[in-house]
Amino acid sequence: MRRWRQLLKRLPVHLVVITLAAIWLTPSLGLLVSSFRPRQDLLASGWWTALGRPFATQWTLANYRQVLLREGMGRAFLNSFIITVPTTLITLGIAALAAYALAWMNFRGRQLLLMTVIGLIVIPLQMTLIPVLRMFNALKLSGTFPGVWLAHTGYGLPLMIYLLRNFFGALPRELFESAFIDGASPFTAFLRLVLPLSVPVLASAAIFQFLWVWNDLLVSLVYLGGFARVAPLTVQLSNLVGSRGQDWHLLTAAAFVSMIVPMIVFFSLQRYFVRGILAGALKG
Amino acid sequence: MNMGRVHWLYLAPALLMLGLFLIYPTAETVRLSFYGPRSDVFVGFQNYVQAFTSQPMLIAFRNNLLWLVVFTLFTVGMGLLLAVLLDRVRYETVIKSVIFLPMAISYVAAGVIWRFVYTFRPAVAPQIGLLNAIVVALGGNPIGWLIERPWVNNLALIAVGVWVWTGFCMVILSAAYKGIPKEMLEAARIDGANEWQVFLHVTIPFLKSTLAVVTTTMIVFVLKVFDIVYVMTNGAYDTDVIANRMYNEMFYFYNYGLASAIAVILFLAIIPFLVINVRRFRAQEAVR
């Protein structure tokens, strides 16, 4: 009896929470279901009707075959990796070196430099687009992968330096003192002590940078110019929205292709992922 | 720790990149904002005058303001509601994952997902968009969610932003909420306060600084909002925002002077938050 009353009192809470979760999930569910339906079915009835009679519905992979092979999403998938992986590695490497110096080396202007780095985190990218594009045009770097690697590295550095420096700075001082007494050079200490001890924060930072670049539209749009040969998933998908705006069997499949990698990262590395996102929310 | 002058070796690559991609371009954009479309003629404040008086820009300012109020209110409000309610149910983590998931995907994908939800077809055809199917099932006429200006379509875009960012607010506020000593909440209840009073007089004051952090983050996002609008309407039917105007002035009208001026306006709006960020950092350092 008491249990029942308890449950009844809590009912509104359960109701609100579950309703909100359902509202949040339904749009993505609609996308997923629709991406497996043939074009004529998709136009004839809503996706929810297919859920009602799953065995009477014809499911197909043809939409995926078409977007991957004929609508450029396969090439774009590859391009996204070609853009994202080197960028993440370069950014992390350069940021780790700088963060090490900012955390453990004394020099004049260190505080000022740190403050500049933190200020740069929130600079809107729009402030940099025109001059960088002109620089790239002059150097023949626009429309090329190295150009995007460099730009994303520059934009990602302030946040990465800040994250890593906070973690490096919290390592115990005695660790370094004993290492230097044993004759280690600063670089040895960096490689053998700092990096191995910082794996969790390096993972969070890497995941954040990876997903930021993977999901970015603006930087690729501006510096790659929207050519299908070099376009990543986001650019190709937004091109499809422009050219095939009502072909929902293709748009749903293409959107899901662009979401697969972030979803895998989200579900397999959720802890690092959340930590990275929370730290990086203000990034330009 | 003194390691001689080697620090410059460690800093050089980072300084070079920051200089090339952030510091020099920022200064150059400020300079360009005082020049004409081709950056060859000095025009003084003319670009700024145009930015603050032309009709498309005024609409963009109005829309960013609407985003600022509605988006911030809903993300922070629902984040707070979820943080408080989820603490009382046992399946908290599952729901949290569901609400946070949109943070993982791109705004482009989110835009496609919601364009599908908003799909509009004439009343004679079967509705394949969820929202219009509901409207029609309730006996209404299908609505052009992305076309009806100025309120319906702008609010429809803002809803996409809310869908993406509520999870962020929820996670941060939930962590802070769990930091409230349970005795404090219990004491208030024993003193006869109802749940609403507990929320108002214990929870809110305790979460004040976290709420401030979350709110400023949302405002910074709103000022720079671009992808959602670019993908879903590209500013058509009076849905444009500042960042999309900048992009269009740059790529469709090749007016580099005006585009730069718009970027500078965006930058000026963000400076207060830059200062807050640096201040917060200095306060943290002082505690260390």
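User: Happy to look at this one with you! How many residues does the contact take from chain B and from chain A?
Analyst: This is a predicted model, in which local features need pLDDT of at least 70, side-chain atom pairs count only at pLDDT 80 or more, and totals for chains, interfaces and linings use all residues. Residues are numbered from 1 along each chain as its sequence is written, while chains are lettered from A and ligands numbered from 1 in the order in which they are written. Two residues are in contact if their C-beta atoms, placed from the backbone, lie within 7 Å. On that basis, the contact takes 71 residues from chain B and 77 residues from chain A.

User: Which helix gives the largest share of the side of chain B that touches chain A?
Analyst: Helices here are DSSP runs (H or I, at least four residues), as strands are (E, at least two), numbered from the N terminus. The side of chain B that touches chain A divides into 58 nonpolar, 9 polar and 4 charged residues. For these classes, Ala, Val, Leu, Ile, Met, Phe, Trp, Tyr, Cys and Pro count as nonpolar, Asp, Glu, Lys and Arg as charged, and the others, Gly among them, as polar. The largest share, 16 residues, comes from residues 7-32 of chain B, namely helix 1.

User: Nice. What percentage of the residues in chain B is buried?
Analyst: Chain B has 12 helices and 0 strands, and its C-alpha trace spans about 75 × 70 × 30 Å along the principal axes. A residue is buried if 20 or more other C-beta atoms lie within 10 Å of its own, exposed if 12 or fewer, and partly exposed in between, with C-beta atoms placed from the backbone. Of the 288 residues in chain B, the buried ones make up 43%.

User: Which helices do the buried residues of helix 6 of chain B pack against?
Analyst: Helix 6 covers residues 130-137 of chain B, and its buried residues are B:Leu130, B:Leu131, B:Asn132 and B:Ala133. Just after this helix, B:Gly139 takes a positive phi of about 95°. The buried residues pack against helix 5 (107-117) of chain B and helix 1 (2-35) of chain A.

User: Over in chain A, is helix 13 roughly parallel or roughly antiparallel to helix 14?
Analyst: Helix 13 (residues 233-243) and helix 14 (residues 248-268) of chain A pack at an angle of about 170°, with their axes 10 Å apart. Axes are lines fitted to C-alpha atoms, for helices over the stretch in contact, and angles run from 0 to 180 degrees between N-to-C directions. Angles under 35 degrees count as roughly parallel, over 145 as roughly antiparallel, 65 to 115 as roughly perpendicular and the rest as oblique. So helix 13 of chain A is, relative to helix 14 of chain A, roughly antiparallel.

User: Is A:Gln40 buried or exposed?
Analyst: A:Gln40 lies in helix 2 (residues 39-44) of chain A. Its C-alpha atom and that of A:Thr234, 194 residues apart along the chain, are separated by 26 Å. Because A:Gln40 has 9 C-beta neighbours inside 10 Å, this residue counts as exposed.

User: Last one: which helix of chain A gives the most to the side of domain 1 that touches domain 2?
Analyst: The domain assignment, automatic or from a database, gives domain 1 (2-60) and domain 2 (73-280) of chain A. In chain A, 8 residues of domain 1 are in contact with 6 residues of domain 2. With 4 residues, the helix of chain A that gives the most to the domain 1 side is helix 1.
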